[in-house]
Amino acid sequence: MKTIQKLFEHLNWANQSILEKFQNVEIGEQQLRLFTHILYSEQVWLTRLKGMDSSQMPIWSDDDITVCAKLIKQNEENFKTFLAEIAKTKTDLNNLITYTNSSGKEFMTSIRDILTHVALHGQYHRGQINSRLRVDGIDPVNTDYITFVR
């Protein structure tokens, strides 16, 4: 559980690092769209972890940086609360969660795998964002885990 909590601390730090970069440079539409995707996906997965219906929630959006800042704060608070609760109750991370995706297909996935996916999913897309920043002549944001832990 400590490793997962640390991964979410990194996720929050990395999201905040991208946000700060976006607030200080002119970014393209693609970078912002990828960033909102990360943040909305975090909300979708948390909703699923709570056993609620996420099928009508947005995964892609054309929101602005102000919305991103709000989503980061909400997601950080909500995941901290969720992780604290499952640690407190000693919930088995191998418990399966049943959910329906936005296409209406039903899946069963362990809590552990969902949490790991959320942490890795954001890092994947932050890499895409950084590639697009570099193409636009903007220095990428170092969101490496090892940089975070130093």
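**Exercise 1.** In which helix do Lys80 and Glu76 lie, and how many residues apart are they?

*Solution.* The model is predicted, so local features need pLDDT of at least 70 and side-chain atom pairs count only at pLDDT 80 or more, while totals for chains, interfaces and linings use all residues. Residues are numbered from 1 along each chain as its sequence is written, and side-chain values use heavy atoms, with hydrogens and water left out.

Step 1. Helices are DSSP runs of H or I with at least four residues, numbered from the N terminus. Lys80 and Glu76 are both in helix α3.
Step 2. They are four residues apart, about one turn of the helix.
Step 3. A salt bridge is a side-chain nitrogen of Lys or Arg within 4 Å of a carboxyl oxygen of Asp or Glu. Lys80 and Glu76 form one, with the closest N and O atoms 3.4 Å apart.

**Exercise 2.** Find how Lys73 and Glu77 are placed and how accessible each one is.

*Solution.* 
Step 1. Both residues belong to helix α3 (residues 65-88), at a spacing of four residues, about one turn.
Step 2. Buried means under 20% relative accessible area, exposed over 50%, and partly exposed in between (1.4 Å probe, protein chains only). Lys73, at 53%, is exposed, whereas Glu77, at 43%, is partly exposed.

**Exercise 3.** Describe the pair Lys6 and Glu9.

*Solution.* 
Step 1. The two form a salt bridge, with closest N and O atoms 3.9 Å apart.
Step 2. Lys6 and Glu9 are about one helical turn apart because three residues separate their positions in helix α1 (residues 2-24).
Step 3. Lys6 is partly exposed at 33%, and Glu9 is partly exposed at 42%.

Terms used:
Helix = DSSP H or I, 4+ residues; strand = E, 2+ residues; numbered from the N terminus.
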